[in-house]
Amino acid sequence: MSRSPTGWGDGQASPGGGRYNMPVEQWICEPCGFIYDPEEGDPDGGIPPGTAFEDIPDDWSCPVCGAQKDEFEKLED
């Protein structure tokens with residue numbers, strides 16, 4: 001399947017099971033600047049590609065600095 005510019009095709013399910021009809025929301029770690037991208041996930045941290053930030057467990061932490069999930073802010077365009 002080819003990817004559309006906004007995700008995994010027109011309403012097609014992504015590998016992570018979500019749907020990408022809208023632009024992907026990225027989140028930034030305030031302490032270190034790491035950007036969580038749902039299309040990439042955090043495989044080393046147990047978060048598969050296609051996982052929305054809201055669906056990450058609350059005990060997940062930044063893979064760079066260890067900050068808690070509540071220290072991330074939505075990255076504005």
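This is a predicted model: local features need pLDDT of at least 70, side-chain atom pairs count only at pLDDT 80 or more; totals for chains, interfaces and linings use all residues.
**Notebook: charges and strands**

I started with Lys69, which counts as buried at 11% relative accessibility. My cut-offs: buried is under 20% relative accessible area, exposed is over 50%, and partly exposed is in between (1.4 Å probe, protein chains only).

Residues are numbered from 1 along each chain as its sequence is written, and side-chain values use heavy atoms, with hydrogens and water left out.

**Entry: salt bridges**

I looked for salt bridges, meaning a side-chain nitrogen of Lys or Arg within 4 Å of a carboxyl oxygen of Asp or Glu. I got 2 of them.

In one, the side chain of Lys69 meets that of Asp58 at 3.8 Å, N to O. Both residues lie in the loop between β2 and β3, so the pair ties together parts that are 11 residues apart in sequence. Asp58 is exposed, at 67% relative accessible area.

Lys74 and Glu25 also form a salt bridge through their side chains, 3.4 Å from N to O. This pair links distant parts of the chain, 49 residues apart: Lys74 sits in strand β3 and Glu25 in the segment before β1. Lys74 is partly exposed at 36%, and Glu25 is partly exposed at 36%.

**Entry: the sheet**

Next I checked the strands, which are DSSP runs of E, at least two residues long, numbered from the N terminus. Two strands pair if DSSP finds at least two bridges between them.

I found 3 strands in an open, antiparallel sheet, in the order β2-β1-β3. β2 and β3 stand at the edges with a single partner strand each, so one side of each has no neighbour in the sheet. Strand β1 (residues 27–29) is joined to β2 by 2 bridges. Ile28 has Ile35 in β2 as its bridge partner.

**Entry: Asp42**

I placed Asp42 in the loop between β2 (35–36) and β3 (72–74). Its side chain makes a polar contact of 2.9 Å with the side chain of Trp60. That term means a pair of N or O atoms within 3.5 Å; within protein, one must be able to donate a hydrogen and the other to accept it, and residues adjacent in sequence count only if both atoms are side-chain atoms.

Leaving out residues up to four places away in sequence, I list Tyr36, Ile47, Trp60 and Pro63 as touching Asp42, where contact means heavy atoms within 4.5 Å.

How values were computed: Helices (H or I, at least four residues) and strands (E, at least two) are DSSP runs, numbered from the N terminus.
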